[in-house]
Amino acid sequence: MSATMTIAVCVMLTLLVFAIDAFSIRRERRAILQVPPQDSLQDPLDPDVQ
Amino acid sequence: MRPQSILRLSSSPVFFQMSGKVLPWLIGASLILGAIGLWSALFVTPTDAQQGEVYRVLYVHVPTAWMSMLLYVVASFYAGLHLVFRTSVSAVMMRAMLPTGAWMTLLALVTGSLWGKPTWGTYWIWDARLTFELLLLFIYLGLIAVASLIDDERKTDQLLSVFTLVGLVNIPLIYFSVVFWNTLHQGASLSMSGGSKMAPIMKATLFVCVLAMWLGCAALAMARARWQLVDRERDAAWTGSVLV
């Protein structure tokens with residue numbers, strides 16, 4: 001592999017890793033925001049909750 | 001900053017609010033410095049007299065290697081804080097450092113090995129520094145596995161804090177491996193005593209690249225920590241406005 005190619009691969013890999021990590025945080029955030037709080041999961045008509 | 005202000009940051013709603021304000025600045029500064037560092041590394045700095053063009057890999061390799069160690073030290077700091085104060089912020093900060101730290105360690109190993117082939121003639125050698133850096137990757141992966149395997153968050157936090165602090169012993173071994181043992185890996189690129197042989201423009205570029213990487217990693221860890229905090233305290237009153 002030529003020197004230019006080696007440098008290009010290293011730079012690309014670094015950018016890719018940052019993008020993957022940022023994307024995984026975004027996915028984690030979406031999943032967290034989609035799960036409703038524990039209270040809203042309880043059925044208000046359920047006698048056990050009363 | 002007053003001690004009271006620092007203590008206020010251990011409050012979950014204060015941390016969430018403050019990190020939300022700091023995050024765009026961290027990302028912006030990291031992108032700007034990263035662009036300047038990359039431009040200077042590729043087009044401004046001169047070719048190395050011994051290694052030729054391939055030495056430019058160090059502008060990526062050195063910052064990632066430093067971040068792999070620094071993130072572990074910061075995670076250990078939060079692990080220590082968690083064992084003493086047991087706050088949610090210290091727990092999520094400790095956990096949030098681990099994936100980014102693992103990525104940085106993997107990057108340091110891969111970029112180092114890509115640089116090693118034209119320079120040393122091999123992608124990998126069981127050299128002291130390389131071996132301890134590989135061990136760091138396994139420690140990160142082990143801690144991530146522990147964090148995700150156990151359901152009880154409080155117990156996991158304590159276990160994770162202890163394991164993280166135990167793993168800290170590997171960091172001085174990585175850093176001083178080039179001093180303690182006869183290694184193929186070169187000595188420190190920059191030293192506190194100012195004994196660096198690098199040209200000033202190379203040193204300045206490396207410093208900018210390290211700063212950009214540090215800000216980028218801080219932004220990633222902080223972003224991950226604040227959402228983990230929301231998830232952990234989803235039944236608390238302060239998360240009501242966030243989870244709407």
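Biologist: Hi! Let's start with B:Arg86: does this residue count as buried, exposed or partly exposed?

Modeller: B:Arg86 counts as partly exposed, because it has 13 C-beta neighbours inside 10 Å. Keep in mind that this is a predicted model.

Biologist: Where is B:Arg86 found in chain B?

Modeller: You'll find B:Arg86 in the loop between H3 and H4 of chain B. Its backbone is worth a look too: B:Arg86 is not a glycine, yet it has a positive phi of about 55°.

Biologist: Thanks! And which residue with a positive phi follows H4(B)?

Modeller: That would be B:Gly121, which comes after H4(B) and has a phi near 90°.

Biologist: Tell me about H4(B) itself. How many residues does it have, and how far does it reach?

Modeller: H4(B) has 33 residues, and from its first C-alpha to its last it reaches 46 Å.

Biologist: How many residues of H4(B) are buried?

Modeller: The count is 26 of the 33, so H4(B) is largely enclosed by the rest of the structure.

Biologist: Okay, zooming out. What is the secondary structure of chain B?

Modeller: Chain B has eight helices and zero strands. Along the sequence, that reads as α-α-α-α-α-α-α-α. The radius of gyration of chain B is 20 Å, close to the 18 Å that the globule rule gives for 244 residues, so chain B is as compact as a globular protein of that length.

Biologist: And what box do the C-alpha atoms of chain B fill?

Modeller: Taken along the principal axes, the box is roughly 60 × 35 × 30 Å. Of the 244 residues in chain B, 39% are buried. As for contacts in chain B between residues at least 6 apart in sequence, 78% of them join residues at least 24 apart.

Biologist: What about chain A, how many helices and strands there?

Modeller: Chain A comes to two helices and zero strands. It has 50 residues, and 12% of them count as buried.

Biologist: Now B:Cys217. Which helix is it in, and is it buried or exposed?

Modeller: B:Cys217 is in helix H8 of chain B. It is buried, because 27 other C-beta atoms lie within 10 Å.

Biologist: Which residues does B:Cys217 touch, leaving out those up to four places away in sequence?

Modeller: Those are B:Met67, B:Leu71, B:Thr100 and B:Met104. By contrast, B:Gln228 is eleven residues along the chain from B:Cys217, and their C-alpha atoms are separated by 16 Å.

Biologist: Last one: where is B:Asn182?

Modeller: B:Asn182 sits in the loop between helix H7 (170-180) and H8 of chain B. With 7 C-beta neighbours inside 10 Å, B:Asn182 counts as exposed. From B:Asn182 to B:Ala128 is 54 residues in sequence, and 8.3 Å in space from C-alpha to C-alpha.

Note on methods
Residues numbered from 1 in each chain as written. Chains lettered and ligands numbered in written order. Predicted model: local features only at pLDDT ≥ 70, side-chain atom pairs only at ≥ 80, totals over all residues. Helix = DSSP H or I, 4+ residues; strand = E, 2+ residues; numbered from the N terminus. Buried ≥ 20, exposed ≤ 12 C-beta atoms within 10 Å, placed from the backbone. Rg over C-alpha atoms; globule rule 2.2 N^0.38 Å. Contact = placed C-beta atoms within 7 Å. Expected span 1.5 Å × (residues − 1).
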